[in-house]
Structures are given as C-alpha cells and as structure tokens.
Amino acid sequence: MSPRWTGFEAVVKAARLGKITRKSNPGPPACRPHIFPNKAYGYQSNYFGKPSLIQCFFASSDTKLFKYVKQVDYNEGLERLVTAIVAQTLDELNCLAVINDRAQQDIFNSQFFKTLGNVPYYKVLVEEKEDLQSPNFKTLSVIRHVKRSGCRVYILLISNGGKVSRFLKFGDRYRMLDTRAKFVLLHDKRLFHSNLHYLWKKIVNIVFLREHGRYNRPGAFNNKRIRPWYDISTVPFPTPIQKIFIPQRLDTWHLGKFHTGTDLFREKTSDLQGEQLKVVTFQHVPASVKMTAPARKDTIVEGRGPIGFGGLEIEVLTTLANALNFEPDVYEAPDADMEQWGRKQLNDSYTGLLGEVMNGNADVALGNLYYTPYYLELLDLTIPYTTECLTFLTPESLTDNSWKTLILPFKPVMWAAVVVTLFLAGFVFYALANYHHHIVSNPMHKNIIKVKEKGQATGETKMYVDEEVKTEGLYLFSELDNGILYTYGMLLLISLPKLPTGWSLRVLTGWWWIYCILVVVAYRASMTAILTNPTPRVTIDTLEKLVDSHISCGGWGEEVKEFFLTSLDTAGQKIGLKFEVIYDTDSAVERVARGQFAYYENIYFLQYLRVKRQQTRKHNKTKSIPKSNVGQGERNLHIMHDCVIHMPISIGLQKNSPLKPHMDRFLRRIIEAGLVKKWLKDVMLNIVSNDDTQEEVDDDKKALMDLPKLYMAFVALGIGYLLSICALIAEQIHWQCIVKKDPLYDKYAINIYYDHKKSLKRIIKTMSRK
C-alpha cells in the first residue's frame, strides 16, 4: 500500500507534471533558489529564519499555484490538531520529542512553538533514506537525550508507516524509547500488522491521526475549498488483540475543534477491567510452592487444573490482581523442573520462565527473580518487595572430636605453659633438694654430743659421733625423675607422702600448691562446661572456610558464576574459580550429603531442601531400604551462617510493560503494611515445623552425659596402658641384655649385684662433692 500524499507533496507532484506553471514574478529574492529545485523537498523550516517554499508560493500570488495551495490548505488541519493535542498535555509536559520527515515539516510553525511556551523540546528531521531500525549517530544521540530527560510526549509524524514500525521496534528492543510516554502517530495500516501486535501491549498511551475527506471527491482542482477531518483512535488496551488489530475510536477533529472532547490519553493501566493476564511460574520456595490442595483455609492457590501454586509471590499476585482488577492465569513453563528460569540458546532465544516472558506468552513472571543487571536487561522488574540471604548448603563434618575432650578446656598456648611450668618446677625442686643435702652432709656441720660410759663413775669422755644426716623428705626430690613425678602429682592434687625438711623446699611447695589449685579449678570449670554443653558441630560457616575446604561449590546459572568472578573480595573470586554450574538440584543435594559439594541458593530454599532430604531419609528407614541403595556415610546438611549477599527480590514483567508503575505503587503499600513478612512466615511455617535439625539442637542443649563425651578418658587410659607396656618391655630388655650379662650377677645372690650398684653411686656422689 503506497502512502497517502500530503497537501504539500500534491503541490510538488502537480508542479512536476506541468499542471502548475510559474509566471514571470519569481517572488522575493530569498525564495528564488528554493522554487522547484531538483530535490523537491529541500527547504528550511520557518523557525530557522528562512522562508519556506509555501511562503515563497504565497509571495507570488499571481500564480496558479497560489490558488491550488489555498484549496489544499497545506495541512492546516493537521497542524492545528497536533497543536491542540500538545496544548492538552501542557500541564504534565516536562519536555517534548518531535520526530518527523520533510513532508511534515511545515506543520511545526511559529504557532506550534508559541503553544509550547518555555517547555524544552527535541526535534529530529528524518531523511528519506535513513533506516530508523539502525539510526545514524546524530539521530541516536538525540533519542538518547530524550530518554535521559524523561520526555513524556513523543510526536512521530512520518508518512512512511513502515519506517515508523521499524523505529518503534528498535526503541522497544534497546529501550531507546520511553514506551510509557504519550505518542502521537499518523494512521497507517502497516503499523497494525500481526508482527507488531506485541508493541501495542506495551505502547498504550498513543493516538493515531487519520485524515479523511481530502481526496475522496473527483475534480481536485475545482473551485471548491476542501475541509478535511481527522479520525482519532488508539489501541484497545486492556482488551487483548486478536488476529486482526481494530483501533479503538476516541474522537474526531473537524473545523478546528474536537467533536466530543474525550480525554485522548486516559489512564488505561489502573483498571484492567477484569482482563486475564498470563502468569508463568515454577516450584521455588518461598516464591511459589506447587500444591494439590491448600494446606490451610486462608492459603491462596492459583493455577490450572488440580495442581495449583501457593507461596509468597502468589499472595502478592492475588493482592495486585484485586487492586488492578485483572484475572491471573497461572501456569508452569514447559520442562520447568530442569529449565526453571531458563537458559540462553545458540539462536539467542531463552527457555524456561525467561523464554515465556520474552516471547510474549506470559505477562508476569513469578520465580524469585533477583534484582540484578542480568534480569533487568531481559525483563522489567518491579521494585524489590523483600531481600533474601543467599548462602551455601554445606555438609557437616563426620570427624568426631570427642577424643579431644580432655584437652579442650585449655587452648594449645595454655597447655604449653602448663607443661613448661611443670618441668621447670620439677627441676627447681630437684636442685633445692640436692643443695640442702649438700649443706647438711658437710663435715663442718657434725654434731658434738656428751656420752657417759656405764661403769665409769669418774671423768667424762668427749668423743665425735658421726650422726646420720637428717634428710627426711629429701629423698622425694633427690633424683630428677622423682622430682618431676611428685611435682606432677601435686598438680593433680595428690598429697606428698612426707614433707621435705628444708625450709626452702617447704616454701616452694606451699606456693606450688596455690598454683595447682588455680590451674585445677580453671580446668574443672572449663571441663564441666564442655561436658554439659552440646557436642560442637564441625561446620563451614564463613566464605573463607569454604575457600579453604576441599569441597567444590556451585549453583544454578552462568550469571551466578559471573557474579562471583567479578566480586570485589578475594574470597568471592576464589569461589568463582571453583564454582560449578549445575541445573539438577536433586543431584546437587546428593553431592552435598556425601560431603563433596556446597550448593548456592537463598536460605529459605536451602531450608526446604534440607527438610526434603530429612523426610526422604525417614521414608527410606520406614521402607527398610538397604543401606547400599540409600548411601553410606551420609552427612547432615548445614546452612552456612554468613550471607554472601542480601539480594533484592522482584516480580518480573515483559520488557517495557505499561503495568510497572501501578504495580510498583501497590507493592509499596503491601510492603509498608507488613504483609510480605506475614506471608513469608505462613509459607515457611510447615517447613520450619518439619525441620528435625532444630530438634537435634534442642536435645543437645540438655545437660546429659553420654559415652561419646567420655571418649577422652578411655583414650587417656589407653595411652597409660600403652606406656606401661612399653616400660615393661624396656625393663625386660634391660634385665635380659644388661643385668644378666653382668659378671656380678648371681641368680642365687642377686643382692650382691644391687649392693655393688649402690656402692658405685655413693662413690660417684662423694667424688662429685669433692
């Protein structure tokens, strides 16, 4: 279908065909170069200071062209109509964007810009050969400035409807146009092709201007003045467009005024008039939960057939449906269990939830969508209605540290200090005991006593008697090994068999007892706390521990791996290097239970996976399934305490959806009313109540002793038995290899051998003293 000729184009066409001739008066000098040059459309607009071609024709009033132009009125009706439409929007007009071709240039004259007043505007003149699906740099720069400035009105007066459709597709695809602004377009059937129906679900504040009555009568050059009229229509939103697009008529423009005065840009998205919206979702806690029947009477279930969906976002959707007056049709995307959000294909299309929305099959997407650049590039997202903690599901360690119970009360540094003090104190006791023995056994300190012999009545005899040196208690510390042994005994609160005689040893013993009391009291208190408290779980609770562990980690989607790789912290980057993209949640949980993997998701979904795993294990025990089929060495599932990030969560809409402003407005009210928190608790109620992990923790908190907590006592006893056996073996070896082979050994007089050993020791001590 060829475009309809405008008044000015009709003039030019008639001049080319020779129907209009110019007399000798060429008009004003400024007009002479512009009268029918080779390029008929080459002229400047009025507001640039140069006269237009039409003005030049009026200056030559003695031409036949003047009479013809008066008949066609050079689009005067369209000029006034566009000016009147702009005047209606002045109250909320912050800036204006005008995009037109040369055929519609004369419409924007001084009267139009006087109506604008001080309102800023952008104006783009589109050349005939320019492809608006790939605009040139200057046009693209102006369009970007228009979008950045937030202009609320676009006037697109381009005669070629095909060029307009390409421009609208370009603006929608790359978000170069604010599709929620108000648009004024010329009516053209090429805009209503079925391939463009998706545009009219996004650009709803639009009016089409269709001219009538200019060329429908024969004899276009008669003396009758033609007064065209305009039909003003719009898209039938929210009524769905069927196979054929039928515009909705708004008003007519004739003789410089509207027929009914209807609001041309009435609000269409605040009341959807009970129309049905397609909503795609899949099972993902807490946003959407698949169920056959509501677990509670106040639970809302949406969906097709016997299987419906409940959950946090279903509750939000139902509230929005009541506020905006639409009927949600909730369905599940094909192969949703594997595809879930969807993956990018080789042809740049998407599967799953993203594919349904991007292909136009669904209007709303419910699936715990993260408010990230990845999703913002593909969809429109509402304001975040909540934030979720994203973390890892990790395995608990199977390592039993009950054998460490005896050494857990003190840290390694404390134990090192106690051991060093023990050996140092034992050496000091040994040194003081030997020094005291050395002083007492010195000949200068022998005692002089008087002895009266029996039978002698006269005289007294003085004599030196070598008394036995008084060394009571010194034998305890006379040897280094004995000193350390008795010092260790005092540390365990074992009394000495006899107090040493020296005052230096006695003072040291008293202060050593005070030290032992303090150490023992601290040890007992710490040991009591360890035995009465739950057994510590060996878990991974920080990102740094996960990096240092040997297990791998992963999650759903390439975008999550990219998130870690581009992280600003070193730990996140290391996680990204070993991050695996996994699309099967069940196999991921199986690997976590085997202690080989850590799975990344929101904390509520991870709690759901843990409860699901616990119920599966209970079912297997009830059915008596062999352990070989269930899996041996299965670990408990633990949710890491630290959050990697608190991610904002939104509801997805089609790109450039007109529903976003009102959905955002009602979502704010829902959040402020506290309904999101209430619905979240309702969704997680059954999951939390079935979580056995909390019961295990509560049981562990009870102050009950069990055998594992005393493993260290048996370990210590075993170590003592082992050392005793080793000592016995060493004694046997010494008896067989040394004692029996000594020349003084006689099995019938063993005391000879030991007396000889004692005499040798006395000689060595005597020589050492000298």
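Trainee: Why does cysteine 643 count as partly exposed?

Mentor: This is a predicted model, so the value is computed from its atoms. The relative accessibility of cysteine 643 is 29%. Buried means under 20% and exposed means over 50%, with partly exposed in between. Cysteine 643 therefore counts as partly exposed.

Trainee: Why is cysteine 389 called buried?

Mentor: Its relative accessibility is 10%. The limit for buried is under 20%. So cysteine 389 counts as buried.

Trainee: What makes cysteine 389 and cysteine 643 a disulfide?

Mentor: Their sulfur atoms are 1.8 Å apart. The cut-off is within 2.5 Å, so the pair qualifies. The torsion about the S-S bond is -110 degrees, and the link is left-handed.

Trainee: Which parts of the chain does the pair of cysteine 389 and cysteine 643 link?

Mentor: Distant ones. Cysteine 389 is in strand 15, while cysteine 643 is in the loop between strand 21 (637-639) and strand 22 (645-653). They are 254 residues apart.

Trainee: How many disulfides does a search of the whole structure find?

Mentor: Two. Another pair is cysteine 95 and cysteine 151, with an S to S distance of 1.8 Å.

Trainee: Why is the disulfide of cysteine 95 and cysteine 151 called left-handed?

Mentor: The torsion about its S-S bond is about -120 degrees, so it is left-handed.

Trainee: What does the pair of cysteine 95 and cysteine 151 tie together?

Mentor: Cysteine 95 lies in the loop between helix 4 (76-88) and strand 1 (96-101). Cysteine 151 lies in the loop between helix 6 (137-149) and strand 3 (153-157). So the pair ties together parts that are 56 residues apart in sequence. Both cysteine 95 and cysteine 151 are buried.

Trainee: Is cysteine 516 buried or exposed?

Mentor: Buried. Its relative accessible area is 0%.

Trainee: Why does cysteine 737 count as partly exposed?

Mentor: Its relative accessibility is 44%. That falls between the 20% and 50% limits, so cysteine 737 is partly exposed.

Note on methods: Residues are numbered from 1 along each chain as its sequence is written. This is a predicted model: local features need pLDDT of at least 70, side-chain atom pairs count only at pLDDT 80 or more; totals for chains, interfaces and linings use all residues. Side-chain values use heavy atoms; hydrogens and water are left out. Helices (H or I, at least four residues) and strands (E, at least two) are DSSP runs, numbered from the N terminus. Buried means under 20% relative accessible area, exposed over 50%, partly exposed in between (1.4 Å probe, protein chains only).
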